[in-house]
Amino acid sequence: MLLLCLAGFLAGIFYANFIAKNYVTMTGIFHEYFLNQYTASGIIARDYLIYLLRWRALPFAVLALAGRTRLRKVAAVAALLWTGFSGGILLVAAIMRMGIRGILLCLAGLFPQILFFAAAFAVLCWYLFSAPRTEWNTGKTVFVTVMVTAGIFAEAFLNPEIVQWMMDILA
């Protein structure tokens, strides 16, 4: 699983550096305009929570449903490659626009929710690769549900403060 994610990560780095370099450097979340808008506006945690429920829980649900089909391994491979690819592009964009400050901002943007999402994603992908030798059970369902829920709450209520703190330091 780690090799698939790493392959996607390297593909994302390659894509961002050689194919979409101009696009990556001219737009995106690391553009000064966006960063200024982020620092000037306040995030309403309740509204952000509703947004996150849709954009974080839905991919986990789709991946879990794919586990009920014959395409479960294909879905796991695609999810791992896409996760790595997206991370590679994000990291290149951060470095191109902000240098080491961009890496620090990325880390702040991922913390602490990445701890919860990564645990849930690992369990779900491990199952998708090992089925039908292993079976999905209530314990896995509870674990993934709790981890995704904790990740969403951490992202909604803790992460905006962490990112704002990091942006104040980096300014």
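Asp47 has a relative accessible area of 40% and is therefore partly exposed. This value, like the others here, comes from a predicted model. The side chain of Asp47 meets that of Arg46 in a salt bridge, with 3.4 Å from N to O. Arg46 counts as exposed, at 58% relative accessibility.

The count of salt bridges comes to two. In the other entry, Glu155 pairs with Arg56, and the closest N and O atoms are 2.7 Å apart. Glu155 is buried, because its relative accessible area of 4% falls under the 20% limit. Arg56, at 28% relative accessibility, counts as partly exposed.

Helix H4 spans residues 45–66 and also holds Tyr48 and Tyr51; they are three residues apart, which means a separation of about one helical turn. The aromatic pairs number nine. Tyr48 and Tyr51 form a stacked one, with 6.1 Å centre to centre and 15° between the planes. The angle is under 30 degrees, so the pair counts as stacked. Tyr51 is partly exposed, with 39% relative accessibility. Elsewhere, Tyr15, Trp82 and Phe85 make up one aromatic cluster.

Pro132 sits between helix H7 (113–130) and helix H8 (138–157). Its relative accessibility is 66%, so Pro132 counts as exposed. Pro132 and Gly67 are 65 residues apart in sequence, while their C-alpha atoms are 9.9 Å apart in space.

Key. Residues are numbered from 1 along each chain as its sequence is written. This is a predicted model: local features need pLDDT of at least 70, side-chain atom pairs count only at pLDDT 80 or more; totals for chains, interfaces and linings use all residues. Side-chain values use heavy atoms; hydrogens and water are left out. Rings of Phe, Tyr and Trp (its six-membered ring) pair if their centres lie within 6.5 Å; planes under 30 degrees apart count as stacked, over 60 as edge-to-face and the rest as tilted. Helices (H or I, at least four residues) and strands (E, at least two) are DSSP runs, numbered from the N terminus. Buried means under 20% relative accessible area, exposed over 50%, partly exposed in between (1.4 Å probe, protein chains only). A salt bridge is a side-chain nitrogen of Lys or Arg within 4 Å of a carboxyl oxygen of Asp or Glu.
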